[in-house]
Every structure is written in structure tokens, then in C-alpha cells.
Amino acid sequence: MFRREERNYNPYAPDPGNPFVPTHTPSPHVAENLSTVFACVSAISCTISALPVFVYRIDGKARQEVADGPVQALVKGGPNPWQSWPEFCEMLVAQVLLRGNGLVEILSDRSGAVTGLRVIPWHWCNCYMLPN
């Protein structure tokens with residue numbers, strides 16, 4: 001009369017009949033607007049950007065900390081006119097966490113010396129396969 005019936009029920013499995021369980025992965029833009037995702041990305045990117053930065057030069061098998069140089073100047077003075085080094089790192093880490101990749105443009109003067117760095121938002125990029 002009564003019998004036990006075992007069911008494999010997963011409340012998080014996609015179910016087209018259940019409007020409360022998503023059937024697809026949200027885009028990074030949608031995920032960014034979810035408070036939990038935003039809080040996690042902010043916590044991780046802020047923590048990483050607050051870490052101290054050291055620039056090293058490798059001489060043979062030894063490494064020496066560089067007190068001055070073009071990279072150290074970017075760290076101390078900011079990678080571009082509108083961002084400090086922590087803001088730059090925070091933006092780059094957030095891009096990597098949300099989009100899976102990050103892209104930085106190296107800015108240089110006419111002689112080729114590095115003058116700055118700029119984060120390029122990943123959703124601005126397109127990939128093309130060339131015929132050759």
C-alpha cells in the first residue's frame with residue numbers, strides 16, 4: 001500500500017518548468033549586477049590591489065629589488081593619469097574574474113619607452129580568425 005520511492009532531486013538542476021531556477025549561465029554584465037557576485041568580485045579585487053608591489057631584476061641566479069626604473073615609476077606614480085596603481089590592479093582583476101581574461105595596453109612615447117598602462121575592457125574586444 002505504502003512504499004518508499006527514491007527520487008534523484010537536485011533543486012539547482014535546470015528545470016524549464018521552474019521560473020526560479022535559471023536555465024542558462026548569466027552574462028558577465030548580468031552577474032556584475034547581482035549583489036553577491038559584485039561583493040565577491042569587489043572583495044577579491046580590492047584585497048589583491050592592496051598587496052605591496054615589488055619590482056625585481058634577475059642577475060644570473062640572484063634577484064635584486066629595483067628601487068627606481070620605468071616599471072617602478074609606473075607603480076609609484078600610477079600607470080596612467082586617471083588611475084593609481086591599486087585602482088589599475090583592481091580594475092584588471094575584476095575584468096579577469098568577471099570575463100575570464102584581461103587586456104592591458106602598453107603606452108609608449110616616440111622612442112619606445114613605456115610611459116603608461118591602460119586596461120582595455122574585455123567586452124570591447126573581438127577575436128577574428130585570419131585566413132592565413
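# Briefing: rings, helices and hairpins

Tyr-56 counts as partly exposed, at 38% relative accessibility. The model shown here is predicted. Its protein chain has 132 residues and holds 4 helices and 4 strands.

**The whole chain**

- Read from the N terminus, the elements follow the order α-α-β-β-α-α-β-β.
- Buried residues are 19% of the 132 residues in the protein chain.
- The accessible surface of the protein chain is about 11000 Å². Carbon and sulfur atoms hold 59% of that surface.
- Take the contacts in the protein chain with a separation of 6 or more: 36% of them join residues 24 or more positions apart.

- Strand β1 covers residues 56-59, and strand β2 covers residues 62-65. The two run antiparallel and are joined by 4 bridges.
- Which residue in β2 is the bridge partner of Tyr-56? The partner is Glu-65.

- Strand β3 spans residues 103-108, and strand β4 spans residues 114-120. They run antiparallel, with 6 bridges between them.
- Leu-103 has Ile-120 of β4 as its bridge partner.
- Between these strands lie 5 residues. In this hairpin Gly-112 has a positive phi near 95°.
- In a regular strand, side chains alternate between the two faces of the sheet.

**Arg-118 in strand β4**

- Arg-118 sits in strand β4.
- Is Arg-118 buried, partly exposed or exposed? Its relative accessible area is 30%, so it is partly exposed.
- The C-alpha atoms of Arg-118 and Ile-106 are 6.7 Å apart, while the two residues are 12 apart in sequence.
- Setting aside residues up to four places away in sequence, Arg-118 touches Asn-80, Trp-82, Phe-88, Leu-103, Val-104, Glu-105 and Leu-107.

**Aromatic pairs**

- How many aromatic pairs does a search of the whole structure find? The search finds 2.
- Phe-54 and Tyr-56 form a tilted pair, with 6.5 Å centre to centre and 40° between the planes. Phe-54 is partly exposed, at 48% relative accessibility.
- Trp-85 and Phe-88 also pair, with ring centres 5.3 Å apart. Their planes meet at 35°, so this pair is tilted.
- Trp-85 and Phe-88 lie in helix α4, which covers residues 85-99. They are 3 residues apart, about one turn of the helix.
- Both Trp-85 and Phe-88 are buried.

**Leu-98 in helix α4**

- Helix α4 also contains Leu-98.
- Leu-98 and Glu-32 are 66 residues apart in sequence. In space, their C-alpha atoms are 7.3 Å apart.
- Beyond its neighbours within four places in sequence, Leu-98 is in contact with Pro-28, Glu-32, Val-37 and Val-41.

**Cysteines**

- A disulfide is a covalent bond between the sulfur atoms of two cysteines. A search of the whole structure finds 0 of them.
- Cys-40 is partly exposed, with a relative accessible area of 45%.
- Why does Cys-89 count as buried? Its relative accessibility is 16%, and buried means under 20%, so Cys-89 falls in that class.

Terms used. Residues are numbered from 1 along each chain as its sequence is written. This is a predicted model: local features need pLDDT of at least 70, side-chain atom pairs count only at pLDDT 80 or more; totals for chains, interfaces and linings use all residues. Side-chain values use heavy atoms; hydrogens and water are left out. Two strands pair if DSSP finds at least two bridges between them. Buried means under 20% relative accessible area, exposed over 50%, partly exposed in between (1.4 Å probe, protein chains only). Contact means heavy atoms within 4.5 Å. Accessible areas come from the Shrake-Rupley method with a 1.4 Å probe; for residues, only the protein chains shown count as cover. A disulfide is a pair of cysteine sulfur atoms within 2.5 Å. Rings of Phe, Tyr and Trp (its six-membered ring) pair if their centres lie within 6.5 Å; planes under 30 degrees apart count as stacked, over 60 as edge-to-face and the rest as tilted.
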